[in-house]
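Q: I want to learn to read domains and helices from a model. Where do we start?

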There are 2 protein chains.
Amino acid sequence: MEIKEVVHQRAKEAKEGAVALLKATTEQKNRALQIMAERLLSEADYLKEENRKDLAYAEEKGLSPAMIDRLTLKDRIINEMAQGLRDVAALSDPVGEITRMWQRPNGMHVGRMRVPIGVIGIIYESRPNVTADATALCLKAGNAVLLRGGTEAFHSNRAIVKILKEAISEADIHPGAVSFIDVTDREAIMEMIRLEGLVDLIIPRGGEGLIRTVTENSRIPVLKHYKGVCHVYVDSDADLRMAEEICFNSKVQRPGTCNAMETMLVHAAVASEFLPKMAERFRTAGVTLKGCAETQRIIKDIEGLEEDDYYNEYLSLTLNIKVVQDIDEAIEHINRYGSAHTDSIVTENYHKTLRFLKEVDSSAVMVNASTRLNDGGQFGLGAEIGISTDKIHARGPMGLEELTCTKFIVLGTGQLRQ
Amino acid sequence: MEIKEVVHQRAKEAKEGAVALLKATTEQKNRALQIMAERLLSEADYLKEENRKDLAYAEEKGLSPAMIDRLTLKDRIINEMAQGLRDVAALSDPVGEITRMWQRPNGMHVGRMRVPIGVIGIIYESRPNVTADATALCLKAGNAVLLRGGTEAFHSNRAIVKILKEAISEADIHPGAVSFIDVTDREAIMEMIRLEGLVDLIIPRGGEGLIRTVTENSRIPVLKHYKGVCHVYVDSDADLRMAEEICFNSKVQRPGTCNAMETMLVHAAVASEFLPKMAERFRTAGVTLKGCAETQRIIKDIEGLEEDDYYNEYLSLTLNIKVVQDIDEAIEHINRYGSAHTDSIVTENYHKTLRFLKEVDSSAVMVNASTRLNDGGQFGLGAEIGISTDKIHARGPMGLEELTCTKFIVLGTGQLRQ
């Protein structure tokens with residue numbers, strides 16, 4: 001078969017799976033997830049055997065040790081995949097929830113019912129565990145998943161999908177509910193994102209290049225995660241000891257993540273008290289600091305910065321520092337240079353808290369908390385399929401609920417349009 | 001200026017407007033809407049004068065009387081625009097609502113706050129009243145609107161926007177909140193839908209050609225309305241007198257609308273009792289009937305149909321009739337041939353009601369009610385910016401709430417990531 005045909009065929013299977021899933025009960029879906037977990041564990045040897053084919057190819061191609069590490073299906077990873085499936089089985093089912101219901105003057109009841117989206121296409125890169133994680137969340141929310149993993153993990157992904165499909169058939173769910181695009185050409189992605197009518201949503205998980213290609217070419221709605229240029233604003237009314245802990249944690253706890261702080265904003269009234277001690281602590285931890293002119297006046301030997309630095313997602317131990325005159329300047333800076341991801345204010349002031357919460361246009365806006373806490377698990381969503389930096393459907397961590405939509409339901413007694 | 005520059009400039013103004021709107025209060029927005037309404041009324045002569053330029057062009061171009069009628073700014077239309085603005089002012093403001101809030105084990109409170117989307121691009125065709133209607137809804141939900149109306153209504157739209165902009169300035173809202181693309185070339189649409197980063201959502205309102213062009217080329221999320229292939233399923237447990245009224249209303253009350261019935265499904269057990277009388281009533285009202293083989297057996301002289309007819313949105317007094325064996329066949333038919341718009345079951349059976357509500361994958365699923373009731377006004381949403389047939393963000397009528405999204409808010413007391 002040609003690539004185009006393969007992709008079309010797999011999407012058609014997924015569509016059939018999605019339609020069949022409209023009838024599935026919570027019990028059935030949970031049973032499928034439990035069987036999937038058991039099977040992944042009992043077939044660990046087979047998975048590792050298939051994984052070795054990918055590893056051999058990776059070594060041949062000279063991939064970096066870090067990439068090979070991400071690719072390797074160790075027992076620990078297989079256990080985590082199984083546990084992840086069980087965790088999702090334990091979450092409550094969002095599908096069928098009637099979120100609201102009201103009565104109209106003509107007597108009909110109108111409401112909204114939470115329903116699956118349909119077929120969700122996941123385009124991802126090297127880690128094979130995404131295959132199981134994404135499937136679990138999509139399935140629990142009643143969606144069929146159409147998977148397109150990275151070429152380098154092809155054999156591993158295909159083996160995982162084989163096991164998952166056997167498990168769902170055993171739970172009497174249509175096997176199309178988990179569909180895998182079993183061709184490696186990049187052309188398959190371009191085909192996949194043009195199948196409007198068969199695929200309802202695309203979630204790309206990978207580098208900026210992949211996300212850009214998908215966004216620019218997709219005819220299907222895309223939920224994506226661009227970059228995280230996150231801020232902490234230390235207000236004049238901050239508890240400065242708390243501010244120090246929050247800034248340090250936001251930057252240093254895991255600097256390579258999207259919710260780590262990239263720019264620290266400090267109110268002028270507390271800058272000369274706060275900055276020297278904070279800077280020393282950062283430097284001891286190996287953080288490279290870049291400061292605005294006022295920061296340079298307060299801290300000696302600090303590198304300057306240019307306007308473009310404020311747009312940077314360093315993903316490393318580098319930090320911009322800027323002194324601001326008031327909360328207005330802080331909010332304006334965040335809305336201009338930030339990426340609408342995660343921003344936090346440290347303050348004891350009630351009025352400024354409300355203003356920050358209202359006026360900062362980010363997917364997560366925090367008061368007196370580390371930006372690193374913006375995460376599906378930390379927020380209590382149970383699990384996340386990604387973090388959305390889009391402005392529609394979902395902003396921030398996307399859990400089960402974000403993999404559904406609501407339809408209107410009407411309970412009438414013969415109402416007609418006048 | 002080149003077209004590209006004009007579009008970019010207007011989008012930039014809208015973006016500035018959207019950022020400024022984050023600070024706007026409900027009172028300010030309502031005041032703007034009230035002033036807009038007053039001004040449209042007091043400037044009616046100016047509007048009609050500008051409108052005459054469009055009408056002269058339309059006559060010169062030989063547009064149909066129906067199109068010229070849609071284009072004409074009569075006093076009645078101007079009054080309706082003003083009333084529409086006041087109606088939206090009277091609706092409650094969705095922005096800032098905290099829809100839920102919960103506490104995490106580390107003591108932080110996490111919640112969701114309803115926030116504007118940002119800049120919403122509206123691409124529409126001939127009716128100039130859309131200019132005021134769309135602006136009202138976008139503004140009330142805290143969004144800046146970037147308007148791109150049809151060429152044939154250019155002078156009318158520009159005049160309306162001029163008045164709306166003066167009104168919002170008087171209410172101390174940034175004039176960029178209402179931006180108008182003041183070039184008529186179609187190229188402007190192509191530029192507009194590629195301005196990701198400036199525009200957050202595109203809502204096309206027009207014919208299938210426009211919607212297809214926008215969807216295929218946009219880099220920005222699109223919420224669209226394709227076609228409405230709607231069904232009524234008359235179950236074996238239906239109250240047949242009620243079924244007759246619902247089917248008649250769904251087809252005949254206004255056949256040219258998207259929520260009118262295109263195919264009537266009738267359970268075999270009641271077909272020979274129900275169909276002859278129903279068919280007679282339809283024929284008396286001038287409806288052309290097309291029937292499946294079984295229907296042809298029951299009703300003499302009825303035209304046959306082909307599978308493709310089931311996909312048709314007639315938008316006229318033509319109706320498909322199909323006899324089905326059970327509710328399974330009815331649901332399967334709807335999910336296969338329908339457009340996921342509006343579908344209704346007529347039944348007195350509790351179990352089948354629940355199955356229909358769950359398993360029919362449409363934006364509005366009804367029990368014992370006319371499909372014609374799927375409408376923002378009828379549902380009590382206050383006003384609607386359109387009906388979405390998409391599967392994410394919003395399905396069905398889109399009111400104020402659908403012009404917002406939710407962000408996460410966190411109230412902490414110094415929480416850090418462990």
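Q: How many Å separate the centres of domain 1 and domain 2 of chain A?
A: This is a predicted model: local features need pLDDT of at least 70, side-chain atom pairs count only at pLDDT 80 or more, and totals for chains, interfaces and linings use all residues. Residues are numbered from 1 along each chain as its sequence is written, and chains are lettered from A and ligands numbered from 1 in the order written. Domain bounds come from an automatic or database domain assignment. In chain A, domain 1 covers 3-225 + 401-410 and domain 2 covers 230-378. Their centres, taken over C-alpha atoms, lie 36 Å apart.

Q: Which residues of helix 5 of chain A are buried?
A: Helices are DSSP runs (H or I, at least four residues), and strands are too (E, at least two), numbered from the N terminus. Buried means 20 or more other C-beta atoms within 10 Å of a residue's own, exposed 12 or fewer, partly exposed in between, with C-beta atoms placed from the backbone. In helix 5 (residues 75-90), the buried residues are A:Ile78, A:Met81, A:Ala82, A:Gly84, A:Leu85, A:Val88 and A:Ala89.

Q: Why do they line one face of the helix?
A: An α-helix has 3.6 residues a turn, so residues three or four places apart point the same way. Down the axis of helix 5 of chain A, the buried residues fall within an arc of 150° (directions from the helix axis to the C-beta atoms). The face turned away carries exposed A:Asp75, A:Arg76 and A:Ala90.

Q: What takes a positive phi just after helix 7 of chain B?
A: B:Asp172 does, at about 60°.
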